[in-house]
Amino acid sequence: MASLLANGISSFTTQPTSDSTKFAKGFYQKLDSVKTMTQKPPNSRLFKVRADVGFDSQTLTSDPSSSSEPDWMLEFRLNAYGKFLKMKEPKWSDNRYPPINFQDICYYSAPKKKPTLNSLDEADPELLKYFDRLGVSLNERNRLANVAVDAVLDSVSIATTHRKTLEKAGVIFCSISEAIREYPDLVRKYLGRVVPIEDNYYAALNSAVFSDGSFCYIPKDTKCPMPISTYFRINALETGQFERTLIVADEGSFVEYLEGCTAPSYERNQLHAAVVELYCAKGAEIKYSTVQNWYAGDEEGKGGIYNFVTKRGLCAGDHSKISWTQVETGSAITWKYPSVVLEGDDTVGEFYSVALTNNYQQADTGTKMIHKGENTRSRIISKGISAGNSRNCYRGLVQVQSKAENARNSSQCDSMLIGDNAAANTYPYIQVKNPSARVEHEASTSKIGEDQLFYFQQRGIDYEKAMAAMISGFCRDVFNELPDEFGAEVNQLMSLKLEGSVG
């Protein structure tokens, strides 16, 4: 991150932009702001509430999403807006893109206002059909019958399933806008505790303008009866999405969270700047899995999502554990570093990631493991796949602070190149301030070429199956950590994203 983490954690150092770090021959950044669309906009009957583009302090008080919020929430937003105005957009990543005009973005877009729903049977049938076409069933009797889902379309939560089942176990799962109204003391206690509003440029922006997202609280000694899931969809043209996710696991509790992200194919870039905060009390565990498939732009690099996300977990209590597992295949630009602060003793942080880039995508991703307590352990497995003219960068920090006796870390960073024009970089940062610590780091780079594919084809294995086999083997350590709900689909998604990348 460009700024300090919570509790005075060191930041990533800026990489100088020398000739060696500029785009290689054949890599030409084509991201721009074309005004035409490649597909028709969604059904206008569903999208009636839309704010004007741009934002200022007056916008924060008049935005439809903030009209029913308590005074402390408005103060939170205005404070964040003030911090945002004093900060500069970070330039230290390997990503290169045209300047973002933050006054040319709509910060609120929502389906037309409907009466409060007692059940999904009362939801607008057009909305339910819309999500069914996207492959996300909001019908509790259908495919996700064992997974609770919160669907967020543009700026608002559309529906949350299985509320009654979760309530019986004492689990609170709802949109964060509803949580601010219904559980204000709980939200106020934890909001901004893991990711402070001044943490970085995009976190400050999100803190000022976020309109919805998901909130989950798991009470003491409770195992969440089913996985919980949020599906994020950016649908309206020229609209940014700034969701906020807050998950709190009380002492001795457990929850598994699944996140999916998509967007339609517009030729004009859209902005996504989210914040995710995870809080683990003593003996608690959170498993957080993401499959990110935002629109990545076309083969010429036009369009796509600018994805600037801050994700962090805090293992505040002893013997707590946080695991991040992510598969990143979308976005024109990705800037994302899911991290864990290991504050309690005997805490565990894990990061498993596959980042795939193709055509003209750029990804600067990685993680931070901050060891503060005694006997803390962390594990990092990162797999980067670069194809076409894309650029894929891993940037990771392992920091062992002075009081972190017997800290242990193991990091494995592997890159795979497909074709002759792709690029991959790795920037590991290791800071050890306690002599009892043991930190291990290994990295490798490999390449898939025509000769390897020809070897498979000689044995009757066609191009698609050969590519799928090599990618699946390369990513196996990460795919094994994905929940069953995602695991069956990821291999197919990777194959689709790499079609035509060689030959």
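Reader: Let us start with Lys91. Is Lys91 buried or exposed?

Author: Lys91 counts as exposed, at 55% relative accessibility. Here buried means under 20% relative accessible area, exposed means over 50%, and partly exposed lies in between (1.4 Å probe, protein chains only). Please note that this is a predicted model, in which local features need pLDDT of at least 70 and side-chain atom pairs count only at pLDDT 80 or more, while totals for chains, interfaces and linings use all residues. Residues are numbered from 1 along each chain as its sequence is written, and side-chain values use heavy atoms, with hydrogens and water left out.

Reader: Which side chain does Lys91 meet in a salt bridge?

Author: That of Glu89, with an N to O distance of 4.0 Å. A salt bridge is a side-chain nitrogen of Lys or Arg within 4 Å of a carboxyl oxygen of Asp or Glu. Glu89 is buried, its relative accessible area being 15%.

Reader: How many salt bridges are there by this rule?

Author: The count comes to 13.

Reader: What about Lys321, which side chain does it meet?

Author: Lys321 forms a salt bridge with Glu350, at 3.7 Å from N to O. This pair links distant parts of the chain, 29 residues apart: Lys321 is in strand β16 (residues 321–328) and Glu350 in strand β19 (residues 348–357). Helices (H or I, at least four residues) and strands (E, at least two) are DSSP runs numbered from the N terminus. Lys321 counts as partly exposed at 24% relative accessibility, whereas Glu350 counts as buried at 14%.

Reader: And where do Asp420 and Lys447 lie?

Author: Their side chains meet in a salt bridge of 3.0 Å, N to O. Asp420 lies in the loop between β23 (408–418) and β24 (423–432), and Lys447 in strand β25 (residues 438–448), so the pair ties together parts that are 27 residues apart in sequence. Asp420 counts as exposed at 70% relative accessibility, and Lys447 as partly exposed at 43%.

Reader: Changing topic, how many helices and strands does the protein have?

Author: There are eleven helices and 25 strands. Of the 503 residues in the protein, 58% are buried.

Reader: What share of the contacts joins residues at least 24 apart?

Author: The share is 85%, among contacts between residues at least 6 apart in sequence. Contact means heavy atoms within 4.5 Å.
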